[in-house]
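Keep the sequence and the 3D view side by side. The text below walks from single residues out to the cores and back.

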Amino acid sequence: MEDRRIFSLLNIILFCMPALNARIHHPVTVDTVLFDPKKGVEILEASNFTEVVFNSKFNRVVVFYQATCGTCKKFAPVFQKLSDYCKEWDQLVKFSSVACSNIKNKPICQRFGIVRVPTLLFFHKDFSGKEKPIDIQSGKDVMLGNIARSLANYYQRKQDSLSDWPNLLPLKNDEFRNECKKHPKMFIIITNDQSEKRVGPLAVLNSVKMKNAHVRWMHDYDAQFLKFENHPSLLQTNTDCTETTLLSSKQRNDFNKLIADKVDYKTDNLFAPIDGKIIMEPSKKPVIGKPIIPNGLHEQDLESSLYHTLWQEISRLKHLNASSLNIAKRYIKSLMYVPYRKQVLKFLGEIDSELSEYSTISTDHFTQILEKNLHSKSYVPKRIVWAGCSGSKPEFRGYPCSLWMTFHAMTIGGLNKTDVAQIVRNIRDYVVNFFSCTKCAQNFEKETADLDKSIGKTDKDAVLYLWRIHNHVNERLSKEKDSLVDPRHPKLQFPGKTLCKECRIDDNADTFKEDVVFNFLQDFYGEVISNRASINYGKATNNKASFNTAWFTNILGVIVLLFLTNL
Ligand SMILES: Cc1cc2nc3c(=O)[nH]c(=O)nc-3n(C[C@H](O)[C@H](O)[C@H](O)COP(=O)(O)OP(=O)(O)OC[C@H]3O[C@@H](n4cnc5c(N)ncnc54)[C@H](O)[C@@H]3O)c2cc1C
């Protein structure tokens, strides 16, 4: 009897192990916000945006982003660095972020017409909502300069009411003597108007907290009476303003450090490089040795992708006109060939039939339709959790990976049921019109320009067409230095040798036997790995084998238990 109880206990533990295993090793990425407010980038939401940003004490640079967009993930550390660079002038400007991927923030993202992400907007301190914020391009070499210029423009308009601001405007030839008398031993940066437009304002902004340093900048044509040869140059006047000393005409990004040393100003903050270029340290290598998730079509990736597509990607537009609603409807019809759970398929069926009543629709109404059709028998989990598509760092993989998986699953799911070439057309139209990665959408449009000519006649041809296009993108990205490739998932031709040796004509070349590839794709995209079931995440094993082994152990345990209780 005692033995039996011990065995029952053992069996319960054994039975629960797969669930425990999945919990302990769940190597998934949850996308919510890309910034840590402790590091200085505020997180704003629709609920507090107006209160914080409108008629504020501070100017603000706000990045609007989607947490799942690869470009945004790549941009997040750059924006963080931008905010770090500007810490010396944080009494003038704050850096903030709004996750447009959070459904609650939709009203504010729509209000400012955010269609492409990341978008950077500058709100001056007395922004009241009647005017338009200033669009600041997100290039690494232009952001700092554009922020300095926006601040300088604002200063020019409002200088009478900005007594606590440094003077960001150029010092004129005829103002020099008076200014110098008021501020003997002042620092002057001489700049060339053509190539160094933002050097002066940035150098002045960097010195805003240095109480003992008065810093101004001059155009070289206005400063001919001063001694300098190159620009930009850093000069300092003497006490009676009769002489200037050249402090430096090299290493412009060290000018502020030099000024700080002269006036004995100490800070742990960085000075913004006055050439305006943001320099990123090479990214750290990803942690090696994390559990490997089986390669394949994961239920969690498919559902997270679908949630992002419907609630975030399509819904970020304000209105779906006849053409975009038609594209969305066709895409939703094609999604019904993905091997989703039956509740998800029911949900798609319900929204498909409801949308058929409309020829145009506001996205608020579109979202209402989505929400209305969520119930116990028809749903999409409203969360983003990556499984097979999780990257070694948050900026890698995620949504674009899950989108490709969804596309291939659609074409395989459509075999013998519908015209697969039409599915591929629907995919192309969705990407071109809705995919939030602008660069990807443009490249994809070019790469599929010959779709009608090259897609072939049969459904098999259409499946292989999409496979070829994806491999073409893989090849292009493998050559692009700046692409966002996870080093743990290098861009190789698919399927790799370990996944399907027989798919290749030659082991040492990327030449394929297309018939074998077609069969392989049907297997690979025909079966879903359910993350609710037990998957041995600890080893890169065949997922089906690990699934079966775990549950086989449990079932065996139950049989033995029944046998023992009958003894
Ligand atoms: C339409 C589209 C266009 C894109 N364009 C760009 C771009 O221009 N620039 C850019 O930087 N990024 C682009 N991306 C993102 C890029 O393609 C990858 O999605 C991203 O780099 C993540 O790569 P990944 O390692 O997760 O593998 P992905 O390429 O996303 O693939 C996901 C999974 O699909 C399987 N797979 C890989 N190749 C094939 C294939 N040929 N056939 C079938 N299955 C395959 C593998 O299991 C892989 O893990 C695009 C994404 C999409 C959806």
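Buried means under 20% relative accessible area, exposed means over 50%, and partly exposed lies in between (1.4 Å probe, protein chains only). This is a predicted model, in which local features need pLDDT of at least 70, side-chain atom pairs count only at pLDDT 80 or more, and totals for chains, interfaces and linings use all residues. Residues are numbered from 1 along each chain as its sequence is written, and side-chain values use heavy atoms, with hydrogens and water left out.

Start with the whole chain. Buried residues make up 50% of its 567 residues. The chain has 19 helices and 15 strands. Both are DSSP runs numbered from the N terminus: helices are H or I with at least four residues, strands are E with at least two. Contact means heavy atoms within 4.5 Å. Among contacts between residues at least 6 apart in sequence, 73% join residues at least 24 apart.

Now find the sheet. Five strands form an open sheet in the order β2-β4-β3-β5-β6, and the pairing is mixed. Its edge strands are β2 (41–43) and β6 (134–136), each pairing on one side only. Neighbouring strands are turned by 30° against each other on average, direction ignored. Two strands count as paired if DSSP finds at least two bridges between them. Strands of a sheet pair through backbone hydrogen bonds, either parallel or antiparallel. Strand β3 (residues 59–65) and strand β5 (residues 119–123) pair in the antiparallel sense, over five bridges. Within that pairing, Val 62 stands opposite Leu 121 of β5.

Helix α2 (residues 46–53) lies across β2, β3, β4 (93–99) and β5. It runs at about 160° to β3. Axes here are lines fitted to C-alpha atoms, for helices over the stretch in contact, and angles run from 0 to 180 degrees between N-to-C directions.

Ser 97 sits in strand β4. It counts as buried because its relative accessibility is 1%. Its contacts beyond four places in sequence include Val 41, Ile 43, Val 62 and Tyr 65. Ser 150 belongs to helix α5 (residues 143–158). Why does Ser 150 count as buried? Its relative accessibility is 6%. Not counting residues up to four places away, Ser 150 touches Phe 122, Ile 134 and Ile 136. Its side chain also reaches the backbone oxygen of Asn 146 at 2.9 Å.

Turn to the cores. A nonpolar core is a set of buried Ala, Val, Leu, Ile, Met, Phe, Trp, Tyr and Cys residues joined through side-chain atoms within 4.5 Å. In the largest one, of 73 residues, those that touch the most other members include Phe 49, Phe 64, Trp 89 and Phe 123. Helix α5 gives the most to this core, with eight residues. Domain 1 (37–161) and domain 2 (173–262) both give residues, so the core lies between them. Those bounds come from an automatic or database domain assignment. Beyond four places in sequence, the contacts of Phe 123 include Phe 49, Val 62, Phe 64 and Phe 112. A second, separate core has 71 residues, among them Leu 302, Leu 320, Leu 325 and Trp 467.

Finish at a loop. Asn 238 is found between β9 (233–237) and β10 (244–248). Leaving aside neighbours within four places, Asn 238 is in contact with Pro 184, Lys 185 and Glu 243. Its side chain makes a polar contact with the side chain of Asp 240 (3.2 Å). A polar contact is a pair of N or O atoms within 3.5 Å; within protein, one must be able to donate a hydrogen and the other to accept it, and residues adjacent in sequence count only if both atoms are side-chain atoms.
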